[in-house]
Each structure stands twice: as structure tokens, then as C-alpha cells.
Amino acid sequence: MSHVADKIIRILHECHPNKDDFENKTKDSSESKESRKKIEKEKLEKIKSDADKFFADTRCNYIASVEYASLNKMLALCNLEIGNEITAIHHLVEAHAVILRQHILHRYQKTHVRESVWNEPQIYGLRPTHVKFETKFTDNNEALKTKLLNLPKEWYMIQVTAQYESPTILRYKKRTSNVMHAVHITILPTGISDIEPLCITVPRPATQVSYDICEEIQKLLDDYTSVLKTTYTNHKQYWMMRADQNNKMKIAINGLENVWLREWRVLFMADPIENLEMVNEIHQMIDKLISDFKSPNEISNRCKWLLKKVSIGAGFLTREEIARAIKFLLPEHEKLANNIILSIYGKLPYIKNLENTKRQTLVLIIDEHMDYIAFEAMEIIKNHPTTRFPSLHVAYALFKEHEDTIVDGCKIIKAREDMGICVVNPSGDLDKMEKRMKLFMDFWLPQWKSCYNAQPGEEMSEALINRDILMYTGHGNGIEYLSGEDIERMRVKSTVLLFGCSSVKLLVIGGRYPPYGVSNQYLIACSPCLLGMLWEVTDADIDKMTTNFMSTWIPSSSKKSWAEVDMDSWSSGTLKFTKNGAKDKTKMEPEMLRAVAKSKNSCSHYMTAAAIVVRGLPIKIV
């Protein structure tokens with residue numbers, strides 16, 4: 001292991017000469033721009049050759065290290081510069097969740113050893129064959145394409161990866177993501193698809209001001225706990241603080257969309273599954289404009305797909321962004337670009353009708369170092385079903401574990417009156433929240449086994465192994481009652497709903513080591529899905545979302561709808577009904593991700609809604 005890491009570090013070091021040496025060489029250099037480009041390309045080819053040789057000589061799949069991720073990011077950058085997009089995508093996929101994948105491999109090995117020593121059957125988690133390190137790029141990335149082909153066609157999968165940066169730049173930083181940087185957005189088409197995987201690299205924005213979105217979000221989150229716990233002299237001061245926090249996060253997420261991702265935020269828009277006549281009409285418009293072009297064969301399938309993607313998502317873009325995207329895709333075909341731009345402008349009122357059209361499930365593969373960013377809060381996706389994974393490998397492994405119960409892209413759960421267990425206020429210091437949740441559970445899910453104001457004994461482990469749903473409402477994520485190590489050793493059946501503060505936050509360990517959290521351990525244990533919070537939330541607001549979500553997603557035998565309940569009275573601990581009565585009916589949503597997106601709108605605070613994320617497979621109750 002150590003000699004492998006040493007080789008990786010040596011290759012990375014060769015890519016980054018000392019700053020003084022570089023300045024001296026460039027100072028004396030009189031080569032033309034063209035010759036410098038030639039030298040740079042030769043250097044990239046040399047780096048790529050050295051790394052490819054290293055991978056070819058590596059005989060084991062247990063080589064995980066932080067530097068392995070860096071090397072793959074660097075090779076992706078090299079291959080993109082050279083023009084080898086499919087090879088670059090292989091390395092970008094390989095750069096994700098390296099330490100987690102190694103952890104999965106080690107967990108499997110430890111379980112296997114325990115089984116052989118004790119001579120007793122053991123419980124295994126995710127299979128290591130699905131997350132192994134693909135060190136060799138072969139057969140035009142057929143291994144990746146095969147994985148994508150096996151995944152549900154109902155998914156729209158994109159990967160967001162922080163671009164490689166020199167270790168010398170990052171040496172004194174705690175994390176790679178505390179400032180804005182270039183990102184690779186990789187489209188990974190699942191099922192039978194007309195297009196190959198493709199990648200768009202969004203550069204670090206060159207802004208006129210010093211405002212940095214990553215720094216702002218980190219600062220906001222670092223101070224958020226202490227700000228919430230501060231004692232305020234009057235209610236007005238408290239609510240002004242909450243409004244200020246909401247506004248700061250909203251500005252940051254708006255900057256993420258409009259300043260950082262800019263026109264390429266349309267890549268986050270999953271394909272519509274309704275109003276297909278409208279979609280087909282827009283696609284035909286693009287096809288017709290290209291076919292009328294004097295050299296239509298010069299426009300690749302990749303370019304056509306991107307042109308159609310921009311046109312379908314044009315309702316979310318400014319005219320300037322539409323023009324910039326089209327001209328970027330057609331740099332050598334000015335006339336065709338202008339025709340497409342003008343045609344999209346003419347259709348804009350028509351295209352805007354697609355903004356709220358029902359879409360496929362968006363599966364986000366997020367770089368661990370960017371996981372704290374609330375992508376789901378972006379306007380372009382906030383009302384649509386979205387889930388996260390740390391890597392394609394982990395998504396594929398979890399899919400294979402549950403493949404037999406997945407229909408049309410969703411894992412199917414059969415509705416039963418006692419399908420879940422609820423753990424409420426185990427620490428005993430959230431009395432108001434406990435009262436609210438008991439009123440809800442007694443009204444909506446009376447057949448569930450519930451544990452109030454008591455540390456759970458076997459309730460949590462029993463729920464994880466035997467029930468379809470575990471609902472936890474209390475401080476944090478409950479690992480003080482059931483450790484991450486114990487979770488890893490289980491075969492988790494349940495969908496886990498953790499409504500506590502920072503319950504699925506990935507914690508920064510230090511240095512360049514990737515952040516890690518209990519959500520990873522649930523994934524290792526094959527839990528199909530996990531809902532939780534990226535940061536602190538307040539109980540009254542998250543309780544509203546919790547009850548709205550649960551009553552929208554999980555069917556009940558109650559004769560009245562939860563929508564008929566007076567929320568002000570319930571928040572104060574009393575169950576009363578509104579005068580509207582039968583007019584207020586909850587429209588049930590069997591798909592969990594759609595129910596989550598809908599229920600976020602019940603939050604009073606932007607910070608609460610933005611904190612809510614889902615990790616894992618889409619779930620549907622039938």
C-alpha cells in the first residue's frame with residue numbers, strides 16, 4: 001500500500017515544479033505562444049503516459065488514498081485538455097468516494113474473516129465487486145457504459161466534481177472546497193440511451209467583487225449553531241436574526257445558480273415525463289435548423305443533445321445565457337448558432353410552460369468536498385425529485401442490492417399499518433416537539449410502534465432490520481444510541497428518516513482527508529434510502545415539514561386529513577381542526593422524493609428547507 005501511495009505522490013509532484021523554478025524558466029523563455037502550447041501538450045502527454053503505466057503495473061484493487069483521488073482528477077484534466085473526453089470521464093468517476101469504497105472493501109473482508117474464524121454465517125453489506133477500483137481504462141470505457149445501461153432509464157444522473165488543484169495550493173487549507181473553483185459536470189445517461197457520457201467544465205467565475213459563495217456558505221454554517229443558541233432580549237431581535245440567516249443562504253444559492261453554474265445549471269434539469277408533445281416540438285425545431293444547415297454532419301450527437309437541453313431549459317435562463325451557451329456549443333458555425341438563438345427566443349413564452357412539468361428523478365453524484373452545498377435548493381430543481389450519492393460505484397452497488405424490488409426506477413414498499421417505528425425525543429429535553437409529534441402519530445399513524453422520552457433499547461436496531469421505515473425525531477442522528485460500527489454490521493432493510501440537526505452532514509476530518517458521516521455507514525449496510533439534514537434546524541419548523549411529508553407520503557386509516565388540522569393550535573400542543581373541513585384534503589404522493597420536494601414548501605424558514613436532503617434510492621409506497 002505505502003509504495004503505491006509513494007508512486008502516486010511522485011507523479012503528482014512531477015506535475016508541480018517549485019514556483020521559483022517555474023518563474024525562472026518562464027522569465028527566460030522566448031518561445032512563441034504556439035510552441036509553448038506544444039510544450040504544454042507534450043508535458044500533459046508525458047504525465048498521462050506515466051500515470052497510465054503506473055495503473056497498468058498496479059495489480060491490486062486496494063490502493064485507496066487521498067492521492068489516488070487527486071491523481072484521477074489530474075488525469076481527467078489532462079485528458080480533457082488533450083480531447084479524450086471518454087477517458088477523462090472514466091477518471092472523474094473513479095475519483096469519487098475513494099476512501100468510502102475502500103471502507104466497503106475492508107468491511108467485507110472483516111466480515112469474511114469473522115465468518116471463517118467463527119464458522120458461522122455473517123451479515124454482509126454492499127458487495128465489493130461493484131465498488132472496486134477500476135485502475136485500467138480499457139475497451140473504450142465499456143465497464144462504465146455497462147453499469148449505466150443496467151441502471152433505471154427513469155433516472156437522470158449527473159456527477160459534480162471539483163476540478164483538480166495542486167497540493168501546493170491546498171497545503172494550508174482545511175478543505176478543498178472552502179473557495180469557489182472550477183467544476184466538472186458529467187452527464188451519465190442511464191438505461192438505453194442515444195448519447196454517450198459527456199462532460200462540461202464550468203470555470204471558476206471571474207467576478208468583480210470579493211464575494212465567494214463557498215466561503216459565505218461555510219461561514220454561515222460555522223456560525224449558525226452559536227447564533228441559534230444565543231439568548232435574545234426580545235422576539236423581534238430573534239426573528240430579525242432568522243430573516244438575516246435565511247437571506248444570506250438564499251443569496252448564496254442564487255449565486256450558485258446564476259454566478260457559478262450560470263447557463264450550465266440547465267444540466268441539472270431532469271428530462272420531462274409530461275407535456276412530451278411540447279418537448280418533441282422543441283427538439284424537432286432544433287433538428288430542422290441543423291438539417292437545413294449546409295453541413296449537418298459536422299454537428300455531433302453530443303452537440304445536438306446539449307443544444308436540445310439548453311432549448312428545453314431556456315425558461316430558466318436569461319437571453320444572454322441562452323446566447324452564450326449556444327455560441328459555446330457552435331463556435332465555428334455562427335449563422336446556425338444565431339438561427340437557433342433567435343428560434344429559442346421566439347419560443348420562450350411556450351418553453352416557460354415546461355418549468356413545472358413533472359420530471360424524471362434527478363440522481364446527483366456529489367463530490368464529497370462539495371457535499372455541504374444545498375444544490376437541491378436551486379430554483380431549477382427545488383420542486384422536483386432529487387437524491388444524492390457519493391459515487392456512481394456506490395449508487396450501482398446499492399441498486400444491485402435492491403434490484404429485485406425496483407420498478408420503474410423506484411424501490412417498492414408495500415403499505416402496511418405497522419410498517420414503521422418512531423423514536424421521539426430520546427434525550428428527554430424536547431418536550432414541545434414530543435407533544436407535537438405524539439399528537440401527529442396518534443392521529444395519522446396510530447398502529448406504528450412509538451418510543452417517547454426514553455432511550456431506545458432494541459427499537460432502533462429492530463426497526464432497521466425488520467421494518468420498512470425508521471423515523472427518528474430528536475437531537476442529531478441517534479448514533480449515541482446505535483453506533484455507526486453497529487449499523488455497518490447490520491443488513492438494514494428500512495428507509496431511515498433522521499429529522500435531527502446535521503443528521504446526514506459529512507463531517508470534516510481534517511487536512512485533505514474527505515469528510516465522512518453516518519450516512520456512509522447506512523449505505524454500507526445497504527439501507528435503501530436516508531433522509532436528513534445538512535445542518536442545524538429548529539424543531540418547530542422541521543416538525544411542520546415532518547408531519548406534512550409523512551401525511552403526504554404514508555397512507556393512513558384516519559377519516560380526516562392532516563391538512564384539516566389547525567397548524568397554530570397543533571404547534572402549541574393542541575389538536576384542533578379548521579373550519580374548511582372537507583375542503584382541506586391532503587393529496588397523497590406515493591413517491592418519497594416527490595413528497596419531500598413538495599413538503600419543503602411547508603417550512604417557514606429558507607434555512608430549514610435548504611438543509612433537507614435525501615441519500616439513496618428513490619422509494620415508492622404502493
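This is a predicted model: local features need pLDDT of at least 70, side-chain atom pairs count only at pLDDT 80 or more; totals for chains, interfaces and linings use all residues.
Residues are numbered from 1 along each chain as its sequence is written, and side-chain values use heavy atoms, with hydrogens and water left out.

First, the whole chain. Of its 622 residues, 56% are buried. The accessible surface is about 28,100 Å², and carbon and sulfur atoms own 50% of that; the areas come from the Shrake-Rupley method with a 1.4 Å probe, and for residues only the protein chains shown count as cover.

Now zoom in on strand E4, residues 361–366. Six of its six residues are buried, so E4 is largely enclosed by the rest of the structure. In a regular strand the side chains alternate between the two faces of the sheet. Here Thr361, Val363 and Ile365 are buried on one side, and Leu362, Leu364 and Ile366 are buried on the other.

Which strands does E4 pair with? Pairing takes at least two DSSP bridges between two strands. Strand E1 (residues 155–162) runs parallel to E4, with six bridges between them. Strand E5 (residues 386–389) is also parallel to E4, joined by four bridges. Isoleucine 365 is a handy place to look: glutamine 159 has this E4 residue as its bridge partner, and isoleucine 365 also stands opposite phenylalanine 389 in E5.

On to a helix. H13 spans residues 319–329, and its buried residues include Glu321, Ile322, Ala323, Ala325, Ile326 and Leu329. An α-helix has 3.6 residues a turn, so residues three or four places apart point the same way. Among the elements covering the buried residues of H13 are helices H10 (235–261), H12 (301–312) and H14 (334–351).

Last stop: alanine 69, which sits in helix H4 (residues 66–82). Alanine 69 is buried, at a relative accessible area of 15%. Leaving aside neighbours within four places in sequence, alanine 69 touches Ala95 and Val98. Histidine 91 is 22 residues away from alanine 69 along the chain, with 8.8 Å between their C-alpha atoms.

Terms used. Buried means under 20% relative accessible area, exposed over 50%, partly exposed in between (1.4 Å probe, protein chains only). Helices (H or I, at least four residues) and strands (E, at least two) are DSSP runs, numbered from the N terminus. Contact means heavy atoms within 4.5 Å.
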